[in-house]
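This report covers the fold, the pocket and selected residues of one protein. Please keep the sequence and the coordinates open while reading.

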Amino acid sequence: MITNFAKDWIAKNVAITRAKNSDYSGKQGSDYAFDRVIRYGVQPIDGFFTRMSDKIARLETWLSHQELQVKNESGADTLSDLANYAMRLCGYVKHKKDVIEYAEEFYSKLTEDFYRVDESKPPRAALIAIDLHLSQASYIIKETKQDPFNHLIKIAGYCLLIAYVTRETAPDRL
């Protein structure tokens with residue numbers, strides 16, 4: 001049942017976010033790794049979009065070739081990373097600090113209604129939707145300065161959908 005899968009997936013993503021935050025930021029604060037790109041002339045928001053675009057590109061390659069060359073990062077890992085970047089970007093835009101504390105709040109919005117999904121939806125269609133929502137979030141953040149939450153939570157939701165649909169048929173690939 002997707003409800004149980006979703007609860008486990010979300011708990012894993014929150015734990016991953018906390019662990020990676022510690023690895024990348026140490027005691028500097030959860031924004032440190034993103035804010036440090038400023039010294040290279042890159043805005044933190046652009047850093048988020050670059051990382052998320054990289055994850056989408058990896059998933060597109062995976063769908064096309066049915067295989068990944070880096071064997072120690074599965075497709076499930078890439079989906080979790082992408083969902084976590086969506087969460088962190090939303091927290092960064094809304095709070096400008098301590099995005100790690102935003103994890104539970106963000107993922108709590110993936111309600112049971114949201115993940116009642118059509119399990120027959122192909123992963124490629126969900127990936128196209130992710131790409132579209134990222135484009136819309138970029139426009140909203142950069143041009144309108146409004147809240148991108150609805151688009152970013154949908155990215156996480158589609159990552160959850162792909163992870164759920166592919167859990168048994170291809171646990172190590174899409």
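How do the residues of the lining of the largest pocket divide into nonpolar, polar and charged? They split into five nonpolar, five polar and five charged. Here Ala, Val, Leu, Ile, Met, Phe, Trp, Tyr, Cys and Pro count as nonpolar, Asp, Glu, Lys and Arg as charged, and the others, Gly among them, as polar.

## Basis of the model

This is a predicted model: local features need pLDDT of at least 70, side-chain atom pairs count only at pLDDT 80 or more, and totals for chains, interfaces and linings use all residues. Residues are numbered from 1 along each chain as its sequence is written, and side-chain values use heavy atoms, with hydrogens and water left out.

## Overall fold

The secondary structure comes to seven helices and zero strands. From the N terminus on, the order is α-α-α-α-α-α-α. Helices (H or I, at least four residues) and strands (E, at least two) are DSSP runs, numbered from the N terminus.

The protein has 174 residues, and 48% of them count as buried. Buried means under 20% relative accessible area, exposed over 50%, and partly exposed in between (1.4 Å probe, protein chains only). Among contacts between residues at least 6 apart in sequence, 71% join residues at least 24 apart. Contact means heavy atoms within 4.5 Å.

## The largest pocket

The largest pocket has a volume of about 270 Å³. Of its 15 lining residues, Lys 20, Tyr 24, Phe 34, Tyr 85 and Arg 88 are the closest to its centre. Two or more lining residues come from each of α1 (2–25), α2 (32–35), α3 (44–65) and α4 (75–95). The largest share, six residues, comes from α1.

The search runs on a 1 Å grid over the protein atoms alone. A pocket is an open set of points where a 1.4 Å probe fits, with protein on both sides within 12 Å along at least five of seven lines. Lining residues have an atom within 4 Å of a point. Grid points are joined across faces, edges and corners, and the volume is the space filled by probe spheres set on the points.

α3 has 22 residues and reaches 32 Å from its first C-alpha to its last, close to the 32 Å expected at 1.5 Å a residue. The expected span is 1.5 Å times one less than the number of residues. Its buried residues include Pro 44, Phe 48, Phe 49, Met 52, Lys 55 and Arg 58. Their cover includes α2, α4, α6 (123–144) and α7 (149–165). Trp 62 also lies in α3. Trp 62 counts as buried because its relative accessibility is 2%. The C-alpha atoms of Trp 62 and Gly 75 are separated by 7.7 Å, though the two are 13 residues apart along the chain. Just after α3, Gln 66 takes a positive phi of about 60°.

α6 also has a stated span: 22 residues reach 30 Å from first C-alpha to last, close to the 32 Å expected at 1.5 Å a residue. Among its buried residues are Pro 123, Leu 127, Ile 130, His 133, Leu 134 and Ser 138. The buried residues of α6 pack against α3, α4 and α7. What is the phi of Lys 145? Near 60°, a positive value in a residue other than glycine. Most residues other than glycine have a negative phi. Lys 145 lies in the loop between α6 and α7. With 65% relative accessibility, Lys 145 counts as exposed.

Leaving out residues up to four places away in sequence, Ser 80 touches Trp 9, Lys 12, Asn 13 and Ile 16.

Ala 83 is in α4 and is buried at 0% relative accessibility. Beyond its neighbours within four places in sequence, Ala 83 is in contact with Trp 9, Asn 13, Phe 106, Tyr 107, Ala 156 and Cys 159. Ala 83 and Cys 159 are 76 residues apart in sequence and 6.2 Å apart in space, C-alpha to C-alpha.

Ala 15 sits in α1. Ala 15 is partly exposed, with a relative accessible area of 46%.
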